[in-house]
Amino acid sequence: MDYYLKCTICGEIYERHYEGQTCNKCGGLLEVVYKGSLPRIRKISSFWDFKPILPKGNYREFEVGLTKTIKGKEEGLWLKLEIDNPTHSFKDRGSVIEVAKAKEYGFDELVCASTGNMAYSLAYYAKAYNIKAKIFVSKNVSKDKMEYIRKTHDADVTKIDGDFTMAQKHAEHYAKAKNVFLAGDYCYRKEGQKTIMYEIINHAPDYVFVPVGNATLLSGMLKALNEIKSSHALRKLPKIVGVEAEKCSPLYKAMKTGKLRYEEPKTAADAIAVGYPTFGMQAIGLLKKFGGYITTVGDTEMKREQELFYEKYGLVAELAGVASIAAYKKTRPKGKSIAIISGGNI
């Protein structure tokens, strides 16, 4: 659908031909705003059936999304297997939108910051679009992930002496200095990732457990919930539960204090090791609007669930990927719950 971009801080408006993902006036995050009412998506046989609720663009219709939702071994629990995506994480949903936008705007190079999975996903699709990929990764990124990204997808990978927040600053500086497309946790990615909510809403869950790093997925799913509320005749909406690591839980603390403060990541769950989530305050506002909340799980709990996930399902997930199951077991809410298994790269 046709759209424009609006700064979430100063309110500046940009038409869709604007090539940036941050405000040129104040540096704030941009939000995709659609020009018209979004339709109800009644039939879903392909990810690209979501085009009416995605930014208008020139997309190559790669196979992505429509991942399985299976019944879990615990009573009342279902699992959304985002490990079924081409690069084994939910990041692909956003990458197919972002990289297409980079190509549409005429860029031959993109840059992003990553803890691993986003770099893998962006490099994968950048190669398909014949776009160079420059990646800044945090110090705690898996060595195996980094080498695979570099060797398999021809990406230029730089490991920085810092966490994701520092890597993001490097990426933003590089984008300005080299005039390349800034990719990553910004508005277009969020639009692609929100489609998870559209896929699971017909399962009528009471709760949805979502692993949280930079809060882009969480914010996107909450945005989708707001859209669904307007276009679907639903009696009730699910409560969204964001799941952080105990050793990196800035949103959990911000929900209590009302202020988001940087926290040095000390968790082994690298995919959610983000000390200052980009979409943090936006996600908190939407959680409060829809009655959701943030909870935390320990590294020991995630490691145990990682082992059980393999034993019970014969499937591989990373620590962050099963944080959702650990949180479900910790809280055990009444009704039907869906846990997002966000990634399987170890």
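Visitor: What does T87 touch, not counting residues up to four places away in sequence?
Guide: T87 touches D92, Y120, S121, Y124 and N345. Contact means heavy atoms within 4.5 Å. This is a predicted model, where local features need pLDDT of at least 70, side-chain atom pairs count only at pLDDT 80 or more, and totals for chains, interfaces and linings use all residues. Residues are numbered from 1 along each chain as its sequence is written, and side-chain values use heavy atoms, with hydrogens and water left out.

Visitor: Why is T87 called buried?
Guide: Buried means under 20% relative accessible area, exposed means over 50%, and partly exposed lies in between (1.4 Å probe, protein chains only). T87 has 0% relative accessibility, so T87 counts as buried. T87 sits in the loop between β5 and α1.

Visitor: How far apart are T87 and N345, in sequence and in space?
Guide: They are 258 residues apart in sequence. C-alpha to C-alpha, T87 and N345 are 8.2 Å apart.

Visitor: Where is N345, and which residues is N345 in contact with beyond its neighbours within four places?
Guide: N345 lies in the segment after β13 (337–341). Its contacts are T87, H88, S89, N117, Y120, K145 and E318. N345 has 9% relative accessibility, so N345 counts as buried.

Visitor: Why is P86 called partly exposed?
Guide: P86 has 27% relative accessibility, so P86 counts as partly exposed. P86 also lies in the loop between β5 and α1. Leaving out residues up to four places away in sequence, P86 touches E63, V64, D92, Y124 and Y125.

Visitor: What is the phi of N179, and is N179 buried or exposed?
Guide: N179 has a positive phi of about 55°, and N179 is not a glycine either. Its relative accessible area is 60%, so N179 is exposed. N179 sits in the loop between α4 (164–178) and β9 (181–182).

Visitor: How do you know that the side chains of T267 and D299 make a polar contact?
Guide: The distance between them is 2.7 Å. A polar atom of the T267 side chain also lies 3.0 Å from the backbone nitrogen of A269. T267 has a relative accessible area of 8%, so T267 is buried. T267 is in the loop between α8 and α9. Beyond four places in sequence, T267 touches A245, K247, C248, A273, D299 and M302.

Visitor: Why does V274 count as buried?
Guide: V274 has 3% relative accessibility, so V274 counts as buried. V274 is in the loop between α8 (250–257) and α9 (280–290). Leaving aside neighbours within four places, V274 is in contact with F164, G213, N214, C248, P250 and P265.

Visitor: How many helices and strands does the protein chain have?
Guide: The protein chain has 11 helices and 13 strands. Helices (H or I, at least four residues) and strands (E, at least two) are DSSP runs, numbered from the N terminus.

Visitor: What makes the protein chain as compact as a globular protein of that length?
Guide: The radius of gyration is taken over C-alpha atoms, and the globule rule is 2.2 Å times the number of residues to the power 0.38. For 346 residues the rule gives 20 Å, and the protein chain has 18 Å, close to that, so it is as compact as a globular protein of that length. Of the 346 residues, 61% count as buried.

Notes:
Polar contact = N/O pair within 3.5 Å; in protein donor to acceptor, adjacent residues only side chain to side chain.
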